[in-house]
Amino acid sequence: MAWNVLGLLDLADALSLGFLTAPSRYAFEVQPNSDLMTVLPLVLIPIYLVPLFFVLHLASLAKLGRESHAGRGKPLGAAA
């Protein structure tokens, strides 16, 4: 569970750094900047892969939560 939380924090950090270094009026003037992330094939990373990994981390956390909650109750097939 901790690895999923760390993965989500890493994705949030990457998104914030990408936003702060992207060409806009809110950007920091740093080198290297993230201009290359606006052209193919690198644009696929922030558009498809980051949201996919975010959803996969959330799905994994949800499954782990269901399994830990189910583990506290009676085992399946136990007589009442």
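Colleague: Quick one to start: is Glu67 buried, exposed or partly exposed?

Modeller: Glu67 counts as partly exposed, because its relative accessibility is 45%. Buried means under 20% relative accessible area, exposed means over 50%, and partly exposed is in between, using a 1.4 Å probe and protein chains only.

Colleague: And what kind of model are we looking at?

Modeller: This is a predicted model, where local features need pLDDT of at least 70 and side-chain atom pairs count only at pLDDT 80 or more, while totals for chains, interfaces and linings use all residues. Residues are numbered from 1 along each chain as its sequence is written, and side-chain values use heavy atoms, with hydrogens and water left out.

Colleague: OK, back to Glu67. What does its side chain meet in a salt bridge?

Modeller: The side chain of Lys63, at 3.8 Å from N to O. A salt bridge here is a side-chain nitrogen of Lys or Arg within 4 Å of a carboxyl oxygen of Asp or Glu.

Colleague: How far apart are Glu67 and Lys63 in the helix?

Modeller: They are four residues apart in helix α2, so about one helical turn separates them. Lys63 is partly exposed, with a relative accessible area of 46%.

Colleague: How many salt bridges does a search of the whole structure find?

Modeller: One.

Colleague: Let's zoom out. How many helices and strands are there in the protein chain?

Modeller: Two helices and zero strands. Helices (H or I, at least four residues) and strands (E, at least two) are DSSP runs, numbered from the N terminus.

Colleague: What does α1 look like end to end?

Modeller: α1 has 20 residues and reaches 28 Å from its first C-alpha to its last, close to the 28 Å expected at 1.5 Å a residue. That expected span is 1.5 Å times one less than the number of residues.

Colleague: And what span should α2 have?

Modeller: Helix α2 takes in residues 44-72, which is 29 residues, so at 1.5 Å a residue it should span 42 Å. Its end C-alpha atoms are 41 Å apart, which agrees.

Colleague: Which residues of α1 are buried?

Modeller: Asn4, Gly7, Leu8, Leu11 and Thr21. What covers them includes α2. In α2, the buried ones are Val50, His57 and Leu61, and these pack against α1.

Colleague: What share of the protein chain counts as buried?

Modeller: Of its 80 residues, 14%.

Colleague: Why does Asn4 count as buried?

Modeller: Because its relative accessibility is 11%. Asn4 is found in helix α1. Leaving aside neighbours within four places in sequence, Asn4 is in contact with His57, Ser60, Leu61 and Leu64. Contact means heavy atoms within 4.5 Å.

Colleague: What about contacts over the protein chain: how much comes from residues 24 or more positions apart?

Modeller: They account for 53% of the contacts with a separation of 6 or more. Gly65 lies in helix α2, and at 26% relative accessibility Gly65 counts as partly exposed.

Colleague: Changing topic: how much space lies in the largest pocket?

Modeller: About 300 Å³. Of the 13 residues that line this pocket, the closest to its centre are Ala14, Gly18, Phe19, Met37 and Pro46. The elements giving two or more residues to the lining are α1 and α2, and the largest share, five residues, comes from α1.

Colleague: How is a pocket defined?

Modeller: On a 1 Å grid over the protein atoms alone, a pocket is an open set of points where a 1.4 Å probe fits, with protein on both sides within 12 Å along at least five of seven lines, and lining residues have an atom within 4 Å of a point. Grid points are joined across faces, edges and corners, and the volume is the space filled by probe spheres set on the points.

Colleague: How do the residues of that lining divide into nonpolar, polar and charged?

Modeller: Ten are nonpolar, three polar and no charged. Ala, Val, Leu, Ile, Met, Phe, Trp, Tyr, Cys and Pro count as nonpolar, Asp, Glu, Lys and Arg as charged, and the others, Gly among them, as polar.

Colleague: Where does Pro46 lie?

Modeller: In helix α2. The C-alpha atoms of Pro46 and Gly18 are separated by 8.8 Å, and Pro46 touches Met37 and Pro51, not counting residues up to four places away in sequence.
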